[in-house]
Amino acid sequence: MTKIRAAITGVGGYVPDYILTNQELETMVETSDEWITSRTGIKERRILKGENQGVSVLGIAAVNNMLAKTKIDPKEIDCVIFATVTADMTFPATANIVATAVGAVNAFSFDMGAACSGFIYALTTGASFIQSGMYKKVVVIGGDKMSAIMDYTDRSTCIIFGDGAGCVLLEPTTEDVGVIDAELKSDGAGETYLHMKAGGSRMPASQESIDKRLHYVYQEGSAVFKFAVTNMADVAAQITARNNLTPENIAWLVPHQANKRIIDATAHRVGITEDKVMMNIERYGNTTGGTIPLLLWDYEKQLKKGDNLLLAAFGGGFTWGAVYLKWAYNS
Ligand code: UT7
């Protein structure tokens with residue numbers, strides 16, 4: 001029987017207009033453009049401003065961008081998965097809101113919460129639906145409105161994050177392209193170092209939780225940094241080795257954009273030179289679920305059918321992983 005693979009057949013993306021520069025952050029917390037640039041590689045990030053603007057706004061715009069390019073009928077979409085930790089509401093799922101707004105009226109939809117690894121978790125899940133033969137068109141979105149959960153008095157955390165979303169369309173193929181391998185990992189011990197304490201069922205919102213600023217991201221940056229460097233590089237090396245990938249036959253490393261130093265360490269570990277590393281951290285910062293699909297969106301025109309892509313991510317949970325795929329089309 002011919003093997004069915006899930007191919008990425010379209011990409012969409014969206015970042016909001018407002019640009020929060022390092023210079024503006026200098027007026028908000030005690031920091032400097034020099035410190036942020038040298039420690040993270042970030043120059044600016046996008047912020048979604050305005051009342052009643054949830055992450056669905058970013059997801060809807062990203063999917064509409066993909067629909068305009070691929071010209072598929074949204075009624076043909078079977079499933080929408082939204083990887084996010086900043087859902088519009090605890091429920092319903094933001095994926096439900098996005099699916100209805102873009103006209104994917106025949107799709108079932110759900111959110112996936114794996115923080116910065118959310119997109120590769122969701123991509124692997126969507127690809128499995130396609131490979132099983134059950135579904136023919138799956139939209140995988142990754143995106144976050146991190147500004148909604150950012151403490152803009154915490155200089156070690158607020159300088160990293162931004163808002164944005166990207167998406168891909170997955171369709172079946174019998175050609176030698178598409179998602180080939182994935183390795184996904186998690187470790188709940190990571191809760192200590194990266195979490196948002198209040199607002200969930202363990203600590204519902206109260207005056208005290210607000211007064212103590214517990215509805216914001218808490219991150220022990222240097223501890224997370226050490227786990228990220230080791231684990232993202234390890235999993236990338238693992239998937240590289242078992243698929244006989246080499247620095248020569250990998251066309252692009254597509255790494256989660258948390259810190260340029262983590263990206264450099266991962267590239268170094270698998271022997272990939274900087275010209276083959278997708279990077280847009282300087283413009284968007286860390287958009288959590290959004291980083292990897294926003295890279296594909298930014299680099300789409302440079303990608304060629306048959307290119308070997310190595311996706312890798314690390315984030316809250318801890319969660320981490322890598323995906324190996326062959327690009328399926330020329331733009
Ligand atoms: O994507 C999800 C997963 N998250 C990550 O992968 C993030 C991983 N962590 C990081 O990227 C880095 O740890 C940070 C960028 C968050 C922080 O960089 P760092 O090099 O680890 O700095 P640090 O937290 O160890 O702090 C070093 C110094 C401290 O000062 P002292 O104690 O040495 O005097 C901080 O107070 O830098 C200080 N500092 C700052 N100074 C100027 C921390 N943040 C800032 C800042 N501006 N924004």
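Start by selecting Ala115, which you will find in the loop between strand E5 (108-112) and helix H5 (118-131). Helices (H or I, at least four residues) and strands (E, at least two) are DSSP runs, numbered from the N terminus. You are looking at a predicted model, where local features need pLDDT of at least 70, side-chain atom pairs count only at pLDDT 80 or more, and totals for chains, interfaces and linings use all residues. Residues are numbered from 1 along each chain as its sequence is written, and side-chain values use heavy atoms, with hydrogens and water left out.

Stay on Ala115 for a moment: its phi is positive, about 50°, although it is not a glycine. Ala115 is buried, with a relative accessible area of 17%. Here, buried means under 20% relative accessible area, exposed means over 50%, and partly exposed is in between (1.4 Å probe, protein chains only).

Next, select Asn244, in the loop between helix H8 (221-242) and strand E11 (252-255). Asn244 is another residue other than glycine with a positive phi, near 55°. Is Asn244 buried or exposed? It is exposed, with a relative accessible area of 62%.

Now for the peptide bonds. Select Phe91 and Pro92, which are joined by a cis peptide bond with omega about 0°. Pro92 sits in the loop between strand E4 (79-83) and helix H4 (94-101).

For the last stop, select Gly317 and Phe318: a cis peptide bond joins them too, with omega about -5°. Phe318 is in the loop between strand E12 (308-315) and strand E13 (319-326).
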